[in-house]
Amino acid sequence: MIKLKNYAVKYVDGKLVKAQQSDAVNKKKTIAYKIMQAHNISKIDGKLNIKFDEITSHDITYVGIIQTAKASGLEKFPLPYTLTNCHNSLCAVGGTINEDDHVFGLSAARKYGGAFVPPHIAVIHQYMREMRAFGGAMILGSDSHTRYGALGTMAVGEGGPELVKQLLDKTYDIDMPEIVAVYLKGKLRKGVGPHDVALALCKETFKKGFVKNKVLEFIGSGIKNLSMDIRLGIDVMTTETTCLSSVWETDEKVKEYFAIHGRENAYKELRAEDGAYYDNGIVIDLSKVEPMIALPFHPSNAYTIKEFLFRPYELLKECEEAGKKLLPEGKGEFKLTDKIKDGKVYATQGVIAGCAGGMYENIAVSSDILGDTAINNDDFTLDVYPSSQPVYKGLVDNGYIGKLMDNGAVVKTAFCGPCFGAGDVPQNNGLSIRHTTRNFESREGSKPKDGQLAAVFLMDARSIATTAKNGGAITSALDCEIKGKIKKYKFDDKIYKARVFNGVKKADTSSQLVYGPNIADWPKMENLKDNLLLKVVSVLHDPVTTTDELIPSGETSSYRSNPLKLAEFALSRKDPEYVGRAKAVKQEGFPKDLGLNENDTTYGSVVCSIKPGDGSAREQAASCQRVLGGVANIAKEYATKRYRSNLINWGMIPFLFDKNDFEVGDYVYIENVKQGILNGDKEFKAKVIGKTNRNITLKLDALTDAEKQIIVKGCLINYYKK
């Protein structure tokens, strides 16, 4: 159903053909190239200095972004900035602090001139699709799933400091990325939905690194056969392939989408020119896509439901073994094979939610599939979260919500919690099937270090509804008869007009920011000295370390506005001793017995790992290390550009080393590191001082001139501070 073309291709006469040679001229015929160049102010070929049209954040990230920008000299938002409130919507942890953040956000939108979407009104990406994205635009968001490509908008998810740069009228600086053609052909069968296509794409690309940091450009005859909700549902999941961004050809359906939302002028026809050159190609035959299921602990761990049900014991046993490694020795257990009964696999919970699952069509079709079948609440529960209040109202008006409620489904307001472990946490050893974005460990809210662990299997809403109809026995939607067409959605903007504060370009600089007691300023960061001494405080040997493991989601979200308090949770799931060791480095001070000069040597901690930074764009995965005295990371590679950029923006050096043979307590000394960074050196001679002293060579991928200065100055705040 999916074929990867690991060679350059051209788009000729509506088909992909192998390119015979590199073709810089025809690369300019791609949609992505044209959009990026239209936003590029760099005069150097192959280098991009991008000014985005708009930026957006949710309530886990916007306080830190605004605080950082304010400390760096912010006076007003120079571009439209939308603040949404869909992550810390539940005021369940820390008393008033979540709502304090919301009040701060509204005061910032008023003072600096931004838009503010109150809690429960819309999840970030649905609001941006409905009201802010437009054809040919570029939008930057502080959430990894910032993707509006199906509307002709190139959107990028990055850490907060990159948004700070835009707020300070600076640029997003990268090399021109490779562009990959995703050619769609054929037509989906009834019962196959966007998550099925997306999980199949993740399965084929993620582990191979096939599209890492590249741009996906969706083209081909199959696009016309996809509804907008299906396109948007596929598009938002491209984040899980580790691509940088995405964009699609646009057509009359896109034009109609904008018209439905009262924004006809937002449409722009986008087409790849004949002969457009792509660095690689992917062909997806939509007619051959089957209902998929992604097993723990990654969306790429995917199988067809048919294959999964053919050998469930073997696959569930593999998941059990992976889960047991997450639990402390002798504490708790993780069982999934016990979900097999009479040859069927039973889930205990279903969730359809968020920017991937909560769209109108997914929920409407699910309601039709469920029909008049009541859900047995003793064995299986179904929770549904429409992605915005207008979507919710449209579903109510057309009778779909009433049917779901009659059948025992619980329908809730727009909220991203099921995607990161806030709300709908299943029981220990529970099996939750979800049309949400991720199924990383603990993303459903369990705490392995406390002996708790549950499982999330990702599935499309259609198969989740079919499973609910079948008493919780996991079932492909191809095994369910789906009749007729869903009723047409009618968008009603009265909700947004009544509740959304739109102060874009209307800054009231005389108004004051409103601070709650949990909102704290960033602590002072020191400049980098001539030499660098690092003490290894954590060594992680997992093949990939996610940002959820670097700084957990869920209950920690309420402390994202308090850098010091949040840092207490850093690496708590992977290395509970890390925080204490990092603090000790700061408290004990410079080691006198090494014979080094502390006056010209920066001393701090370092985390050593194999491939850190997969997943969320959250800057706190880096800033928490910095707050605790971190000065560098050492890794074999970095999973995403986002995490590497976050390290740099917080003044930490993203060193590379081909072995992960360090031990906790080792020292790593690098002489003349400051000058080497300013010179653009790619290699740094270092000495490891530990049980066995040895000389090594650390590597460093190219830094921009600004990135060099940010590291030397100690962080982005110091670099931009007036």
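Contact here means that heavy atoms lie within 4.5 Å. In this predicted model, P194, V197 and A198 of helix α7 meet I230, G233 and I234 of α8 in that sense. By class, the contact of α7 with α8 comprises five nonpolar residues, one polar residue and no charged residues.

The axes of α7 (residues 194-205) and α8 come within 8 Å and cross at roughly 30 degrees. Because angles under 35 degrees count as roughly parallel, α7 is roughly parallel to α8. Their crossing is right-handed.

Helix α8 (228-236) also takes part in the largest pocket: α8, α9 (252-260) and α13 (360-370) each supply at least two residues of its lining. That lining has 32 residues, and S227, M228, I230, E361 and I486 lie nearest the centre of the pocket.

The structure also holds three cavities of 30 Å³ or more. The largest cavity is lined by 23 residues, with H58, H87, D143, F420 and R443 nearest its centre. Here α5 (124-132) and α16 (417-420) are the elements that give two or more residues to the lining.

The second largest cavity has among its lining residues S144, R147, N213, C243 and R642. The elements giving two or more residues to this lining are β9 (154-157) and α23 (641-649).

The table sets out the volumes and the classes of the lining residues.

| Space | Volume | Lining residues by class |
|---|---|---|
| Largest pocket | about 1000 Å³ | 13 nonpolar, six polar, 13 charged |
| Largest cavity | about 240 Å³ | seven nonpolar, 11 polar, five charged |
| Second largest cavity | about 70 Å³ | three nonpolar, five polar, three charged |

Note on methods: Residues are numbered from 1 along each chain as its sequence is written. This is a predicted model: local features need pLDDT of at least 70, side-chain atom pairs count only at pLDDT 80 or more; totals for chains, interfaces and linings use all residues. Side-chain values use heavy atoms; hydrogens and water are left out. On a 1 Å grid over the protein atoms alone, a cavity is a set of points where a 1.4 Å probe fits but cannot get out, and a pocket is an open set with protein on both sides within 12 Å along at least five of seven lines; lining residues have an atom within 4 Å of a point. Grid points are joined across faces, edges and corners, and a volume is the space filled by probe spheres set on the points. Helices (H or I, at least four residues) and strands (E, at least two) are DSSP runs, numbered from the N terminus. Ala, Val, Leu, Ile, Met, Phe, Trp, Tyr, Cys and Pro count as nonpolar, Asp, Glu, Lys and Arg as charged, and the others, Gly among them, as polar. Axes are lines fitted to C-alpha atoms, for helices over the stretch in contact, and angles run from 0 to 180 degrees between N-to-C directions. Angles under 35 degrees count as roughly parallel, over 145 as roughly antiparallel, 65 to 115 as roughly perpendicular and the rest as oblique. A crossing is left-handed if the near helix is turned anticlockwise from the far one by less than a right angle, and right-handed if clockwise.
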